[in-house]
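Hi everyone, thanks for coming along. Have a look at the screen with me, and then I'll walk you through the model.

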Amino acid sequence: MNALVAGFRGFAEYFSGVLGADAYKKYLEHHRASGHAGPPMCERDFWRDHTDRQDANPQGRCC
Amino acid sequence: MGTMPDGRPNTAPLDDGITPVPGLPATAVDDAVREAEERKWTPAKIALWAAIALLGGVAWFMLAIIRGETVNAIWFVFASVCTYLIGYRFYSKVIERYIAKPNDRRATPAEYKADGKDYVRTDRNVLFGHHFAAIAGAGPLVGPVIAAQMGYLPGTIWIIIGVVLAGAVQDYLVLFFSMRRGGRSLGQMAREELGVIGGTAALIATLLIMVIIVAILALVVVNALGESPWGVFSVGMTIPIALFMGVYLRYLRPGKVMEVSLIGFVLLMAAIIGGGAVAGTEWGAAFFHLDKVTIAWGLIIYGFIAAILPVWLLLAPRDYLSTFMKIGVIVMLALAIIVVRPEITVPAFSEFASRDNGPVFSGAVFPFLFVTIACGALSGFHALISSGTTPKLIEKERQTRLIGYGGMLMESFVAIMALVAAISIDRGIYFAMNAPLALTGGTVETAAQWVNSLGLSGVNITPDVLAQTAKDVGEESIVSRSGGAPTLAVGLAHIMQQFIGGTAMMAFWYHFAIMFEALFILTAVDAGTRVARFMLQDSIGNFVPKFKDHSWRPGAWLATAVMVAAWGAVLLMGVTDPLGGINTLFPLFGIANQLLAAIALSVVLAIVAKRGTFKYLWIVALPLAFAAVVTITASFYKIFSPVPAVGYFANNAAFSKALADGKTSFGTAKTQAAMEAVVRNTMIQGWLSVIFVVLSIIVIITALIATAKAFRNVKAGIANVEYEDPAQPSRVFAPAGLFPTAAERELEAEWKKLPADQRLEHSAGH
């Protein structure tokens, strides 16, 4: 049963990575690792910034 | 980069100019250890690869040589997967060793430009899925269906061999070289490597190609939704669903992407089921029954609004939904084909394989089969993705082979499954669905009569079968639903109902398939318009600087309007074309896509030559030559062929003459207005073909000149100009392939022992 839960969790984690749902987590890791002086953006601000940057740098989707 | 004229494996000593960061374990497996590992053939390894080769050989034998009544679909799976494995294990390794020459001691842009936003080291397996979701869309689902007119074998061979030798090579190398250049775009690389003329030609060609591709993808959606109240309702509902998701993510629960995607998915399923109920009511059937011209206008207006709305409101949430569906659908389809294993009755080569007047698309096997199937075998559009987001996320240089080459093999597999789904339905139904209205007459009786008159072996269809199939999938009619999407949907429904749900579920599966294809296409249309708008703004900005400011509203709106008008015009042309838009325009889609591939491969050729790799240049030259020959020949047919069904100008002349003779109907055009439309359309299509081919020839010639110059420089001992970012030492380690090797595991263990504060955390879970 535990293996099943672990497997499902692993899959969910993988899937969220593919979707890009873990972007904020990665941002925090980067922020911590690079030793920025200021505090990191809060989650709400990060996602706003995330989509606003997509506005400024559109990426194609394939056919 | 030093040259290795004798072409021996890269024994480049540690003089790569990289001083490793002190105090860290090695950031790459030692070259000698890796070599030894790769070259060591244990009996188990030999047995495994012999088994793969044998199984693949048997599968190809069953598909290509044995001529039974039927062939089982499972052989398509074995033939493709075994060939992919061999191509990946052996051919891509050759490319890696002699052309790419990755160096894991070197930091990737995700490391030296890391910002936690655009440049983020991403676990290779996650990035594989991410890259795959970005490259695969409706293309590989549509092309193979249309190409099935020729029988299954020509398409199967081209998809599988083409991807190994051409498509995956392009994706891999563009990804690798873009990564070496800090994630620069294809356009920027073209300008650097090919100079101003080649670079400008590449930019204009890319822009035009984008317009054509968006227009024809939109045409596929319009053809799938025309006169289909159920489809119009459920696909239309994706817009409010995406808006809701956008607001949810922005204001209610920011960052809960997984959660909102699940909610969106449930709503999407409800929209499909609800669509059936709505279409079943009298008012629903009347309100959502739209003709193709209305839908095309709706799509054009939608395209404009979607491209100027902020990303968070519509594009981003639908992108999540689209990715969510993509992975799910493809896994489901693969499972269903393996479980159901349908028997295929379509012949290896159909009666149309040796003719150039097929009803689905016109033209002979060479070159038109090779442009009809672009995505899945060789897709130039991928070069834009491989030089876009993905290179900024790569963790280690060696991983580009898994992601670039491997990701494209995966798309090819999707194309094979689409082909299997399309050929698992009755051939009579296939032709009744895919031939233009002018041939089938539009009713089940006339369509059945026309199909039976084709004299196809083993095809004898009754009007009842056509009517019953339409009823099963919940449509008013399935006659002349060209574009590939409806055929794939019928095929998928046919396979899935044997897997889950039985005949009662067929209508659901059909609309499920239409829904996801529309979802992929709408995302591509929307994103394509935005990218094209930025390219146009930058180009105009060279003359009117104000346009370079992307946040300047009037400029953005004007550029968006121009791009939407451009693809909208081509779309309307296709929708109103009396010859059936897909029949005339789909080849243009493939030509455009593969000309882009030729451009990308030209850039790669010049880069590889500048690095001094001449002995193995053929690895790039081969797909480039093939793409160039196919697309230029196809363009020449389209421009110069005297056969009206093939040549745009021949068709134009025929209709002009008929008009001049005062005829009021000619061929498939029943009115004078329709005849005038044909004259106008063929003229535009003809000139588009001319412009494409001229631009591409310019790019290819400039690439050949750059290659020759590089060759002379190397001979004369003059260093070629390098545009790579300067090498910086890496500070992380991660395995290259799907499964870590023994040496990689050892090294990983060493890294694990490092105190946490000295180690850059892995960005994604393993």
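This is a predicted model: local features need pLDDT of at least 70, side-chain atom pairs count only at pLDDT 80 or more; totals for chains, interfaces and linings use all residues.

Residues are numbered from 1 along each chain as its sequence is written, chains are lettered from A and ligands numbered from 1 in the order in which they are written, and side-chain values use heavy atoms, with hydrogens and water left out.

Back to chain B. The C-alpha trace spans about 80 × 60 × 55 Å along its principal axes. Chain B has 28 helices and 2 strands; these are DSSP runs numbered from the N terminus, with helices being H or I of at least four residues and strands E of at least two. Of the 766 residues in chain B, 61% are buried, where buried means under 20% relative accessible area, exposed means over 50% and partly exposed is in between, with a 1.4 Å probe and protein chains only. Take the contacts in chain B with a separation of 6 or more: 83% of them come from residues 24 or more positions apart. A contact, by the way, is heavy atoms within 4.5 Å.

Now chain A, for contrast. Its elements run α-α-α from the N terminus, with 3 helices and 0 strands. A compact globule of 63 residues would have a radius of gyration near 11 Å, but chain A comes out at 16 Å. The trace of chain A spans about 45 × 40 × 20 Å, and 37% of its residues are buried.

How do the two chains meet? On the chain B side 59 residues are in contact with 34 residues of chain A. Together they bury about 3,900 Å², 61% of it on carbon and sulfur atoms; that is the accessible area (1.4 Å probe) lost on putting the two parts together, summed over both. Lys117(B), Arg250(B) and Met258(B) supply 14% of the area that chain B buries there, more than any other three residues.

The rule finds 4 salt bridges across this interface, each a side-chain nitrogen of Lys or Arg within 4 Å of a carboxyl oxygen of Asp or Glu. Asp118(B) and Arg53(A) meet in a salt bridge at 2.8 Å, N to O.

Let's zoom in on helix α17 of chain B, residues 427-434. Here 8 of its 8 residues are buried, among them Tyr430(B) and Phe431(B). The cover includes α6, α16, α18, α19, α20 and α21 of chain B. At the start of α17(B), a side-chain oxygen of Asp426(B) comes within 2.8 Å of the backbone nitrogen of Gly428(B).

One last stop: Arg97(B), in helix α3 of chain B. Is Arg97(B) buried or exposed? Arg97(B) is buried, because its relative accessible area is 16%. Its side chain makes a polar contact of 3.3 Å with the side chain of Glu35(B), and another of 3.3 Å with that of Glu38(B). For polar contacts, the rule is a pair of N or O atoms within 3.5 Å; within protein, one must be able to donate a hydrogen and the other to accept it, and residues adjacent in sequence count only if both atoms are side-chain atoms.

Conventions. The radius of gyration is taken over C-alpha atoms; the globule rule is 2.2 Å times the number of residues to the power 0.38.
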